[in-house]
Structures are given as C-alpha cells and as structure tokens.
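Here is a short note to read beside the model. Please keep the structure open as you go.

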Amino acid sequence: MADWYDKFKKDLAASEGVRGRSNAIEGGGSTRGFGITSIPKALKSILIAKGLKADTMSDRDLFNELVDWHRDQVVKTFGKSAYDKLPTSVKGAAIDLHYNLGSLS
C-alpha cells in the first residue's frame, strides 16, 4: 500500500470521526464510527467469503475494508492504467467522494 494511501485513510478517519452518532451530522439515521451509514451488498459478500460479518466487526476494521472496497470501485471506474496515472490528490478526492456518495456518477 502506498504511503499516500495510508495517510489518506488516517485523514479520512479523522474527518469522519471514530465514534458513531445517534443522528448523522448530515441528518437522517444513526451512523457507526467513521461515518459508516451503509455497507454495500457486494462488500458484505466479500466479507462473508473472508469469514467476516460486517455487523460484528469493529468500526475501525469495517472502515478499513470499506475504504479499500471504495478505492477498488474507483479503480474499476477509471481503469487501472488511468487510475495509476492520476495525481494522488485526485485519487484521494475520488475515493472520498465514492465513500461518501456510494459512486462517482
């Protein structure tokens, strides 16, 4: 994993906050730590294949799996070759958007 990605994940964790809330800042329902409000079905399937359950994972472990999953979705959207050529700031922005919106479209 690239150093920029480790720093990105730390910065994202800090901006999302490690504690859950009964009411999300954006409004609506509750949130787990790290701003986790939903877990994509595709990620749940991957976790099950690894012998994990999102509902019983720590927020930090789930956050790491979730960010990695969103990064993988961004890579698929751009294509690996194009993604690799992007500046790290653009990679981070795209992953952050995907994490918070669920897609880039």
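This is a predicted model: local features need pLDDT of at least 70, side-chain atom pairs count only at pLDDT 80 or more; totals for chains, interfaces and linings use all residues.

1. Residues are numbered from 1 along each chain as its sequence is written, and side-chain values use heavy atoms, without hydrogens and water.

2. Start with helix α5, residues 88-101. Helices are DSSP runs (H or I, at least four residues), numbered from the N terminus. After α5 comes G102, with a positive phi near 90°.

3. Which residues of α5 are buried? They are K91, G92, A94, I95, H98 and Y99. Down the axis of α5, these buried residues fall within an arc of 165°, so they line one face of the helix. The arc is taken from the directions from the helix axis to the C-beta atoms. S89 and L101, on the other side, are exposed. Buried means under 20% relative accessible area, exposed over 50%, and partly exposed in between (1.4 Å probe, protein chains only).

4. The whole structure has seven salt bridges. Each is a side-chain nitrogen of Lys or Arg within 4 Å of a carboxyl oxygen of Asp or Glu.

5. D59 pairs with R32, with the closest N and O atoms 2.7 Å apart. D59 is in helix α3 and R32 in the loop between α1 and α2, 27 residues apart.

6. D84 and K80 form a salt bridge too. Both lie in helix α4, four residues apart, about one turn of the helix. K80 is exposed at 54% relative accessibility, while D84 is partly exposed at 40%.

How values were computed
Helices (H or I, at least four residues) and strands (E, at least two) are DSSP runs, numbered from the N terminus. The expected span of a helix is 1.5 Å times one less than its number of residues.
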